Amino acid sequence: MKNIFEFAEACLHRTDIDEKLALTHQAWQLLQSQRLSLDSDRPVLPIVNVKFPDRPQLLAPRHMPQRKLTNPGGVIAFFHAIAHVEFVAIYLAWDILYRFRGLPDQFYQDWLRVADEEAQHFALIRAHLQSMHTDYGDLPAHSGLWEHATDTADNILARLAMVPRCMEARGLDVTPAIIEKFKKLGDDTSVALLTRILTDEVGHVELGSYWFKFVCRQQGYEPEAKYRELIREYYKGGKPKGPFNREMRIIAGFSNAELDWLEN
């Protein structure tokens, strides 16, 4: 394979986890060496064709077991949940570059980099789980993450608003406090893993902000007003609840006006 959309189809429509990680890294390496075509000469298959592995079992959020970091089982359950978030994030990065065509080459290069970084995150978290005698798929996982993609499969602005600028941005709000909990527990390995992920996620949200504003300008929308409109339309419950990490969100491209609206 030498075309980015061939790689995307394989990663979205095949279920083998190790193959998915290897293909993602291979595509990124080909792009780095300028050997990956970005020609959009393949049709876009419907999002219902996307396939996930048989495991983990997916449960509605209300049926997910509660987890406390003060015992080993809780730590395992926490990192299994993080592994699932990072695994779905690989799909989300591939799907946004696969599904939405006709954008500048930089758009596809940026989201392939995100896919590669999410694959790195997943592999690190999976290895951490394996060191605790658990593998990804051994526990149930949250079923709702991919719904953000299916809900926005025909709307690039809604996808950018709901995935990097809502779902991933939530990580900027909650992860620093979780890192502090692991610091207090003396768990340096977990602290290092979560710090690495948080650092990269700031960049992912920043890309979401950049491309959201780019497409808004392209389509003649005022970005802040369009963001409010899309969150009201697509976010279940009206809009996300705080507290919000203003400092990190501003670094990641949010405006003070957007944050004031979210907080109020």
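Helices (H or I, at least four residues) and strands (E, at least two) are taken here as DSSP runs, numbered from the N terminus. The structure is a predicted model, in which local features need pLDDT of at least 70 and side-chain atom pairs count only at pLDDT 80 or more, whereas totals for chains, interfaces and linings use all residues. Residues are numbered from 1 along each chain as its sequence is written, and side-chain values use heavy atoms, with hydrogens and water left out.

The chain comprises ten helices and two strands, arranged along the sequence in the pattern α-α-β-α-α-β-α-α-α-α-α-α. Its radius of gyration, taken over C-alpha atoms, is 18 Å, close to the 18 Å that the globule rule (2.2 Å times the number of residues to the power 0.38) gives for 264 residues, so the chain is as compact as a globular protein of that length. The C-alpha trace spans about 50 × 45 × 35 Å along its principal axes. Of the 264 residues, 52% are buried, where buried means under 20% relative accessible area, exposed means over 50% and partly exposed lies in between, with a 1.4 Å probe and protein chains only. When contacts (heavy atoms within 4.5 Å) are considered between residues at least 6 apart in sequence, 79% of them join residues at least 24 apart.

Helix 7 (residues 188–219) and helix 8 (residues 223–234) have axes that come within 10 Å and cross at roughly 105°, the axes being lines fitted to C-alpha atoms over the stretch in contact, with angles running from 0 to 180 degrees between N-to-C directions. Helix 7 is therefore roughly perpendicular to helix 8, on a scale where angles under 35 degrees count as roughly parallel, over 145 as roughly antiparallel, 65 to 115 as roughly perpendicular and the rest as oblique. In this pairing, Phe212, Lys213 and Cys216 of helix 7 meet Pro223, Lys226, Tyr227 and Leu230 of helix 8. The contact has five nonpolar, no polar and two charged residues, with Ala, Val, Leu, Ile, Met, Phe, Trp, Tyr, Cys and Pro counted as nonpolar, Asp, Glu, Lys and Arg as charged, and the others, Gly among them, as polar. Helix 7 itself has 32 residues and reaches 46 Å from its first C-alpha to its last, close to the expected 46 Å, a span defined as 1.5 Å times one less than the number of residues. Glycine 220, with a positive phi near 85°, follows helix 7.

Arginine 249 lies in helix 9 (residues 246–251) and counts as buried, with a relative accessibility of 2%. Beyond its neighbours within four places in sequence, arginine 249 contacts Arg165, Ala169, Arg170, Leu172, Asp173, Phe244, Phe254, Leu259 and Leu262.

Several backbone features fall in loops. Arginine 55 and proline 56 are joined by a cis peptide bond with omega about 10°, and proline 56 belongs to the loop between helix 2 (17–32) and strand 1 (58–59). That loop between helix 2 and strand 1 also holds glutamine 34, a residue other than glycine with a positive phi near 60°, which counts as exposed at 75% relative accessibility. Histidine 133, in the loop between helix 4 (105–131) and strand 2 (141–142), likewise has a positive phi, near 65°, and counts as exposed at 76% relative accessibility. A cis peptide bond with omega about 5° joins glycine 242 and proline 243, the latter in the loop between helix 8 and helix 9.
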